[in-house]
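Here's a quick tour of the aromatic pairs and the nonpolar packing. Have the viewer open as you read.

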Amino acid sequence: MSTFVLIHGGGSSAWDWHRLAPELRGRGHDVVAVDLPIDDPSAGLAEFTASVVDAVGDRTDLVVVAHSYGGFTGPLVCAELPVRLLVMLAAMIPAPGEKPNDWWGNTGFQGPEGLTEAETYFNGVPADVADECVAHGRAQVSAEGSQPWPLAAWPGVPTKVLIATQDNFFAPDFQRRVAKERLDVVPDEIDGGHLVALGNPAELADRLDSYLTS
């Protein structure tokens, strides 16, 4: 049994994992999903990391899954805990010293044009789940956006980059380029949109489980 440590993206909460968590537990794993303190104006990257480390406690055989903006926190957790595997899921891949607010320009990100919010974020997610997701959203007022990412190099943890092939927010070609430039890896791919954990949880659980034996 492994422990999957699930880190949500910007403006979100641990609720984003509520369809994936039972799938992982059904495959014999433990799950820790954390609400990052994004609603605390004094919280930064250190506090984000501490909230995850505290939630993990003394669990072992850890697999960290960082989604979207959670990509800034996932590797920091790996620098603090003995993590078996890091999975960057449709995630922002930071560079040493990079401020989250600068990532967008540094990577050449260009947002989708002509799409509604639902089309951008919730394609592939059932309509009732998408509505509930919006209701669980939180205002992100925390302080990490202007803080340099503190690691001098990527942590020495095996890392998978997993992108969703129908992601309308972080386009697949964009993610492939950033993964190559920053980690020199070719991403794995899965069917689904940006919120693949809500739209395709069973296949995502199968993929995560398969990483433990591949």
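## Ground rules

Contact here means heavy atoms within 4.5 Å. This is a predicted model, where local features need pLDDT of at least 70, side-chain atom pairs count only at pLDDT 80 or more, and totals for chains, interfaces and linings use all residues. Residues are numbered from 1 along each chain as its sequence is written, and side-chain values use heavy atoms, with hydrogens and water left out.

## The main core

Start with Val-64: leaving aside neighbours within four places in sequence, its contacts are Val-5, Ile-7, Gly-74, Val-77, Cys-78, Val-83, Leu-85, Leu-86 and Val-87. Val-64 and Val-52 have the most contacts inside the largest nonpolar core, a set of 39 residues. Such a core is made of buried Ala, Val, Leu, Ile, Met, Phe, Trp, Tyr and Cys residues joined through side-chain atoms within 4.5 Å; buried means under 20% relative accessible area, exposed over 50%, and partly exposed in between (1.4 Å probe, protein chains only).

A second, separate core has 22 residues, among them Leu-89, Ala-205, Leu-208 and Leu-212.

## Aromatic pairs

There are 14 aromatic pairs in the structure. Rings of Phe, Tyr and Trp (its six-membered ring) pair if their centres lie within 6.5 Å; planes under 30 degrees apart count as stacked, over 60 as edge-to-face and the rest as tilted. Trp-104 and Phe-170 sit 6.0 Å apart at the ring centres with planes at 45 degrees, so this pair is tilted. Phe-170 is buried at 1% relative accessible area, while Trp-104 is partly exposed at 29%.

Ring pairs also join Trp-103, Trp-104, Phe-109, Tyr-121, Phe-169, Phe-170 and Phe-174 into a cluster.
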